[in-house]
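Please look at the sequence and the 3D view before reading on.

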Amino acid sequence: MTSLNAAEAVHEVSAMLAAWFEGSGTVSVRETPDPRIQAPDECLVRVAACGICGTDKRIFLALQPPGQVMGHEAAGEVVAVGDAVTTVAPGDHVAVYNLIGCGACPCCRQGRITWCAATRGSVNGGYGELLVAPERNLLRVPADLAWARACLLTDVLGTPMKAARIAPVSEGDRVVVLGCGPIGLGAVLVAVALGARVMAVDPLANRRALAARFGAEIGCDPGAADALEQVRAWTGPGADLSFDCTGAPGATLTALDCLRPGGTAMCIGANLEMSFSPWRHIISRDAKLGGSWYLHYEDFARCLALMRAGLLDPLPMVTHTVPLARIAHGFDLLINHPDECIKVLVTAEGS
Ligand SMILES: [Zn+2]
Ligand SMILES: [Zn+2]
């Protein structure tokens, strides 16, 4: 096992390149001191690929700079480890789990980090050449797995997989997915892989087309005058399950309106507010309304297993890949060209 001294040796090299959000939709890529291993359970990771997420877009467009290197959908190679690290070694390929749990409570020991009552912030830094993360935030992937697939295993696939597990999605279920951004498309992929039949709802034709490629039986433009009739025509008595992956006000009510009596609506998109009638929307229809945030380690393992079996491949949603030096172009594509851009990855030179 490499010691802290090896980490020091890596630091002799030089400063790294990292992207800094400057506030108000500007970003600069500049030399930044290498992050350092500061605790015996930490590891240094050379980032190979990192997704740009809707959350990043919001932080990028905010007036205030975040004051740290962002990027939370990273995958890369471990290059040095602290003295107490036992589960990963230099050379290992890993996906980086964002949320830092306390590491000691029953939830953390079971890999259910989002349930930890004493979380300690998050691992960002995917928009730099190197990042430091606690050992327990590094989820190993096979060395022959493409970096692009590895970095999509956490947020993009793991988040809908956890929601599908909680719901739960069963074989033959009719599932309506509202919103076909990367997480919604991930929900389509996961539901299809679990044997469900899927209707994909999104105003953008390119997203509905990709959902169809991912196995959705039918698409629906929510702006169409007869959108709800289209949903009812396909679901008959209503959907067994619906996933709100939009974060848009009102979409959660639509997710409830799609259901058959006794059905379940899952909220994954970060919808911050809604008002509804518990009697009309839930009680009188025996409906269930659930939520799910991010993923647990078991969901990562399940996604990886399905991916290795050839049953879960998110790669077609990656419409653009940009090197770190051109990350501004990636944000421009996401913000100004949603009709041609779905998922953007930032990659290191040569990966
Ligand atoms: Zn994300
Ligand atoms: Zn904990």
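## Terms and numbering

Angles under 35 degrees count as roughly parallel, over 145 as roughly antiparallel, 65 to 115 as roughly perpendicular and the rest as oblique. Axes are lines fitted to C-alpha atoms, for helices over the stretch in contact, and angles run from 0 to 180 degrees between N-to-C directions. Helices (H or I, at least four residues) and strands (E, at least two) are DSSP runs, numbered from the N terminus.

This is a predicted model, in which local features need pLDDT of at least 70 and side-chain atom pairs count only at pLDDT 80 or more, while totals for chains, interfaces and linings use all residues. Residues are numbered from 1 along each chain as its sequence is written, and chains are lettered from A and ligands numbered from 1 in the order in which they are written.

Six strands form an open sheet in the order 10-9-8-11-12-13, with parallel pairing (two strands pair if DSSP finds at least two bridges between them). Strand 10 (218–220) and strand 13 stand at the edges with a single partner strand each, so one side of each has no neighbour in the sheet. On average, neighbouring strands of this sheet are turned by 20° against each other, direction ignored.

Val 201 stands opposite Cys 220 in strand 10. Helix 6 (residues 182–193) packs on the sheet and touches strand 8 (174–178), strand 9 and strand 11; two residues are in contact if their C-beta atoms, placed from the backbone, lie within 7 Å. The direction of helix 6 makes about 170° with that of strand 8.

Five bridges pair strand 11 (residues 239–244) with strand 12 (residues 259–267) in the parallel sense. In this pair, Ser 242 stands opposite Ala 265 of strand 12. Strand 11, helix 9 (residues 251–257) and strand 12 make up a right-handed β-α-β unit. Here, right-handed means that, with the strands pointing away from the viewer, the path from the first strand over the helix to the second runs clockwise.

Strand 12 also runs parallel to strand 13 (residues 288–291), and four bridges join them. Thr 264 has Lys 288 in strand 13 as its bridge partner.

## Helix 5 and its two partners

Helix 5 (residues 155–166) packs against helix 6 at an angle of about 55°, with the axes 8 Å apart. Helix 5 and helix 6 are therefore oblique to each other. The contact includes Val 156 and Leu 157 of helix 5 and Pro 182 and Ile 183 of helix 6. Its residues divide into 11 nonpolar, two polar and no charged (Ala, Val, Leu, Ile, Met, Phe, Trp, Tyr, Cys and Pro count as nonpolar, Asp, Glu, Lys and Arg as charged, and the others, Gly among them, as polar).

How are helix 5 and helix 11 placed relative to each other? They are roughly perpendicular, because their axes cross at roughly 110°. The axes of helix 5 and helix 11 (residues 297–308) come within 9 Å. Among the residues that meet are Lys 162 and Arg 165 in helix 5 and Asp 299 and Phe 300 in helix 11. This contact of helix 5 with helix 11 has four nonpolar, one polar and four charged residues.

## Two loops

A cis peptide bond, with omega about -15°, joins Ala 167 and Pro 168. Pro 168 lies in the loop between helix 5 and strand 8.

Ser 24 lies in the loop between strand 1 (16–23) and strand 2 (26–32). Phi of Ser 24 is near 55°, a positive value in a residue other than glycine.
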